[in-house]
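Good morning. Please have the sequence and the structure open, and I will talk you through a few parts of the fold.

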Amino acid sequence: MRILVTGVTGQVGGALAARLPPPAIVLAADRSVLDLAAPRTLAGTLDRLAPHLIFNPAAYTAVDKAEDEPELAMRINAEAPGALAHWAAARDVPLIHFSTDYVFDGSGARAWREDDTPQPLSVYGASKLAGENEIRGAGGTFLIVRTSWVYAADGKNFLRTIARLGRERSELRIVADQIGAPTSAALIGDAVAGMLSEGLEALRDRCARAGGLVHLAASGETSWHGFASAIVEGLKARGVALTVERIVPIASKDYPTKARRPQNSRLDLSRLKSIFGIAPPPWQDALAPELDRLARELTSTNGG
Ligand SMILES: NC(=O)c1ccc[n+]([C@@H]2O[C@H](COP(=O)([O-])OP(=O)(O)OC[C@H]3O[C@@H](n4cnc5c(N)ncnc54)[C@H](OP(=O)(O)O)[C@@H]3O)[C@@H](O)[C@H]2O)c1
């Protein structure tokens, strides 16, 4: 089976490509192979690659920058997934696409279910929701996997930012009124690659039973402040020399950003459990191996 994975230089794409078991042939496509900013070129490339299954974690993920580049965000996050989906649906090729908690407005305190009405607060969220709608409109066999607060020991993400600031500053001020579940790319990679373990027909059946949409995140919840505190404590416990002494909780209104973010990013995981049989670990458990990797890197490069 030939499996196309987009965005392999990213967190989720990298984790996923590394986990697809043989005899699958992984077609690892970076932007030089498939440029999602040029949706009209995609069908020709797909004809050439001829995948039997497509994973599309590639996306325009710069949440604040998207406010200034709405057309580009829309092209990459909506038009391009639409083009992939039309190609896939016409050939009965399943498409597994990734989306975000940022499709919701963050109201209330209950975990968002798949059938709750999305109402994005940002251009990024709106572009990801438009991508979901394009895929749904194309039909065929598809699964949109909404996840939240993605990080990994490598890449560009909150974990690495805190590790850097924790070695530069004595005090960090971190937002404490946005609640969600930090989710490692490894957790997503394990779960999604695992969906293939019973074969393509079983996956098709589950995609249909899920109505093409499922939430996937670590279990439990915290704030960015709670996540930062766990990172700092975890790195210190692993022998990384940090300068930070205080992590001060602040409100979103005291940390203005170009894009508005949801305050409630909790994702309900019942469908993931009932249809895919996946019960994700607590976010703290998924964080531990990433801290191990990061601490090894930081201590072996003398804190560099
Ligand atoms: N990061 C999060 O916190 C988060 C939260 C919820 C949902 N998600 C969703 O989860 C998925 C995976 O996110 P991630 O964290 O793995 O993202 P990421 O680390 O930012 O990686 C994004 C990937 O998309 C690629 N890409 C960007 N523009 C492209 C283009 N024009 N053509 C082809 N490839 C392009 C990037 O390639 P380059 O390396 O060449 O730029 C990179 O490989 C995305 O759908 C995202 O919306 C992410």
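I begin at the ligand. Strand 4 gives the largest share of the shell around the ligand, 3 residues. Before going on, note that this is a predicted model.

The shell around the ligand counts 25 residues, and the ones that come nearest are Thr9, Arg31, Thr61, Tyr124 and Lys128.

Some distances, then. In the side chain of threonine 9, an N or O atom is 2.6 Å from an oxygen atom of the ligand. For lysine 128, a polar side-chain atom lies 2.8 Å from a ligand oxygen. With glycine 7, the backbone takes part: one of its polar backbone atoms is 3.2 Å from an oxygen atom of the ligand. How much of the ligand does the protein bury? The ligand taken alone exposes 900 Å², and the protein buries 82% of that.

What is the order of its strands? The sheet is open, has 6 strands, and reads 2-1-3-4-5-10, with parallel pairing. At the edges are strand 2, residues 25–29, and strand 10, residues 213–215, each of which pairs on one side only. From one strand to the next, the twist averages 20°.

Strand 3, residues 53–56, and strand 4, residues 95–100, run parallel and are joined by 3 bridges. In one of these, isoleucine 54 has leucine 95 of strand 4 as its bridge partner.

Helices lie against this sheet. Helix 4, residues 123–138, packs on the sheet and touches strand 4, strand 5 (142–147) and strand 10. The direction of helix 4 makes about 155° with that of strand 4. Helix 2, residues 42–49, lies across strand 1 (2–6), strand 2 and strand 3, and runs at about 145° to strand 1.

Back to strand 4 itself. Is it mostly covered or mostly open? Mostly covered: 6 of its 6 residues are buried. In a regular strand the side chains alternate between the two faces of the sheet, so it is worth checking each face. On one side of strand 4 are Leu95, His97 and Ser99, on the other Ile96, Phe98 and Thr100, and all are buried.

Take one residue from that list. Serine 99 lies in strand 4. Why does serine 99 count as buried? Its relative accessible area is 5%, and buried means under 20%. The serine 99 side chain makes a polar contact, at 2.7 Å, with the side chain of glutamate 132. Leaving aside neighbours within four places in sequence, serine 99 is in contact with Lys128, Glu132, Ile144, Val145, Arg146 and Thr147. Lysine 128 has come up already, as one of the residues that come nearest to the ligand.

Now some backbone details in the loops. The peptide bond from proline 22 to proline 23 is cis, with omega near 10°. Proline 23 sits in the loop between helix 1 and strand 2.

Two residues have a positive phi although neither is a glycine: aspartate 92, at about 60°, and tryptophan 149, at about 45°. Where are they? Aspartate 92 is in the loop between helix 3 (70–90) and strand 4, while tryptophan 149 is in the loop between strand 5 and strand 6 (150–151). Aspartate 92 is partly exposed, with a relative accessible area of 46%, whereas tryptophan 149 is buried, at 7%.

Last stop, arginine 246. This residue is found in strand 12, residues 246–250. Arginine 246 counts as partly exposed, with a relative accessibility of 40%. Not counting residues up to four places away in sequence, arginine 246 touches Ser170, Glu171 and Leu172. Valine 232 is 14 residues from arginine 246 along the chain, and their C-alpha atoms are separated by 10.0 Å.

Methods
Residues are numbered from 1 along each chain as its sequence is written. This is a predicted model: local features need pLDDT of at least 70, side-chain atom pairs count only at pLDDT 80 or more; totals for chains, interfaces and linings use all residues. Side-chain values use heavy atoms; hydrogens and water are left out. Two strands pair if DSSP finds at least two bridges between them. Helices (H or I, at least four residues) and strands (E, at least two) are DSSP runs, numbered from the N terminus. Axes are lines fitted to C-alpha atoms, for helices over the stretch in contact, and angles run from 0 to 180 degrees between N-to-C directions. Contact means heavy atoms within 4.5 Å. Buried means under 20% relative accessible area, exposed over 50%, partly exposed in between (1.4 Å probe, protein chains only). A polar contact is a pair of N or O atoms within 3.5 Å; within protein, one must be able to donate a hydrogen and the other to accept it, and residues adjacent in sequence count only if both atoms are side-chain atoms. A residue is near a molecule or strand if one of its heavy atoms lies within 4 Å of it. Accessible areas come from the Shrake-Rupley method with a 1.4 Å probe; for residues, only the protein chains shown count as cover.
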